[in-house]
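Here's a quick briefing for anyone meeting this structure for the first time.

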Amino acid sequence: MRCGGGLSARPAAAGNRETNPLSNEAALTGGAVTALGRDTGAIYYNPAGLGAVRRTQFNLSTQAAQFRARIVPYAAVADLPNGSRDAATLSSLQGLVMPSSLAVTRHVGRGVTLGVGYFAPDYDYYDYSASLQGAGGGTEYDARIQVDGWVYRYHAGAAVGWQPHPRFRIGATLFGTYGWQREEMRMWIDAASGTADARTDATRTVDFDNKRSIFGGEAVVGLQWEFAKNVHLGLTFGHLASSPSRSTAATC
């Protein structure tokens, strides 16, 4: 918009992905379990770790409470004709409560362990807001910005792990996956410039709504190898096949 000045908005991000630890070991190590993970979370992180599980396990992981605070400085900037600049900061504080995983493993003998589980590696909600009000260079303005969105991703499937040697394990997982993301932005701008005898008023409203969903499947194979005493190597290879759908609506 130009009416004796300019107002621009910068994008806001939802935050880091893989935000939820999906097992006890992942929570204790910050997710560094590819080489050493040996609990129910191995179904998701590295199915080779199941080969080391020698008993039936049931695990329900949940986050009792999680608070996420985000600040985006200079998210909206107003440049005025007299060269001055005004900026607003987008901020969001949200609390989340959700189950992150439900998994069961069972040792069937000969170094083979089976597992099945549901995992929510990514779940987020954000709600940003900011406002700009002021005057300068013969221009008065009042602007408000609202940005909110939802992001979540689910995996569910079965896995098998095999330990043919105490220092070597391999495994495979087959997941069904579903993801959904929605972003909405609304902006309201009122501006006026000029003198009392020659005054220009302008109003602008912007509404943007973007939705995206993904259905698919993912195959993962992995290995864990202690090739020297207390020196471990973990590798995973995955292939994701998905069918995305998207809808976008914008009004100005």
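Let's start with Ile-145: setting aside neighbours within four places in sequence, it is in contact with Ala-76, Leu-90, Tyr-128, Ser-129, Ala-130, Arg-186 and Met-187 (contact means heavy atoms within 4.5 Å). This is a predicted model, where local features need pLDDT of at least 70 and side-chain atom pairs count only at pLDDT 80 or more, while totals for chains, interfaces and linings use all residues. Residues are numbered from 1 along each chain as its sequence is written, and side-chain values use heavy atoms, with hydrogens and water left out.

**The nonpolar cores**
- Ile-145 belongs to the largest nonpolar core, which has 18 residues; Leu-90, Tyr-128, Leu-132, Ile-145 and Val-147 touch the most other members.
- Strands S2 (57-79), S3 (85-109), S4 (112-136), S5 (139-165) and S6 (168-194) each bring at least two residues to this core.
- There's also a second, separate core of twelve residues, including Leu-22, Ile-43, Phe-119 and Ala-159.
- A nonpolar core here is a set of buried Ala, Val, Leu, Ile, Met, Phe, Trp, Tyr and Cys residues joined through side-chain atoms within 4.5 Å; buried means under 20% relative accessible area, exposed over 50%, and partly exposed in between (1.4 Å probe, protein chains only).
- In soluble globular proteins, nonpolar side chains tend to be buried together.

**The chain as a whole**
- The protein chain has two helices and eight strands, in the order β-α-α-β-β-β-β-β-β-β from the N terminus.
- Helices (H or I, at least four residues) and strands (E, at least two) are DSSP runs, numbered from the N terminus.
- Of its 252 residues, 39% count as buried.
- Take the contacts between residues at least 6 apart in sequence: 70% of them join residues at least 24 apart.
- Ala-192, in strand S6, counts as buried because its relative accessibility is 6%.
- The C-alpha atoms of Ala-192 and Thr-139 are separated by 5.7 Å, although the two residues sit 53 residues apart along the chain.

**Salt bridges**
- The whole structure holds five salt bridges (a side-chain nitrogen of Lys or Arg within 4 Å of a carboxyl oxygen of Asp or Glu).
- Asp-124 pairs with Arg-70, with the closest N and O atoms 2.5 Å apart; Asp-124 is in strand S4 and Arg-70 in strand S2, 54 residues apart.
- Both Asp-124 and Arg-70 are buried.
- Asp-148 and Arg-186 meet at 2.9 Å, N to O; Asp-148 lies in S5 and Arg-186 in S6, so this pair ties together parts 38 residues apart in sequence.
- Asp-209 and Arg-182 meet at 2.8 Å, N to O, and both are buried.
- Asp-148, Arg-182, Glu-184, Arg-186 and Asp-209 are linked in a network of salt bridges.

**The surface**
- The chain exposes about 13400 Å², and carbon and sulfur atoms supply 56% of that (areas by the Shrake-Rupley method with a 1.4 Å probe; for residues, only the protein chains shown count as cover).
- Val-221, Trp-225, Phe-227, Val-231, Leu-233, Leu-235 and Phe-237 make up a nonpolar patch with about 600 Å² of accessible area together.
- Patches take residues with over 30% relative accessible area and no salt bridge, joining like charges within 9 Å and nonpolar side chains (Val, Leu, Ile, Met, Phe, Trp, Tyr) within 5 Å.
- S7 (199-228) and S8 (231-251) each supply at least two of the patch residues, and the largest share, four residues, comes from S8.
- Phe-227 is in S7 and, at 44% relative accessibility, counts as partly exposed.
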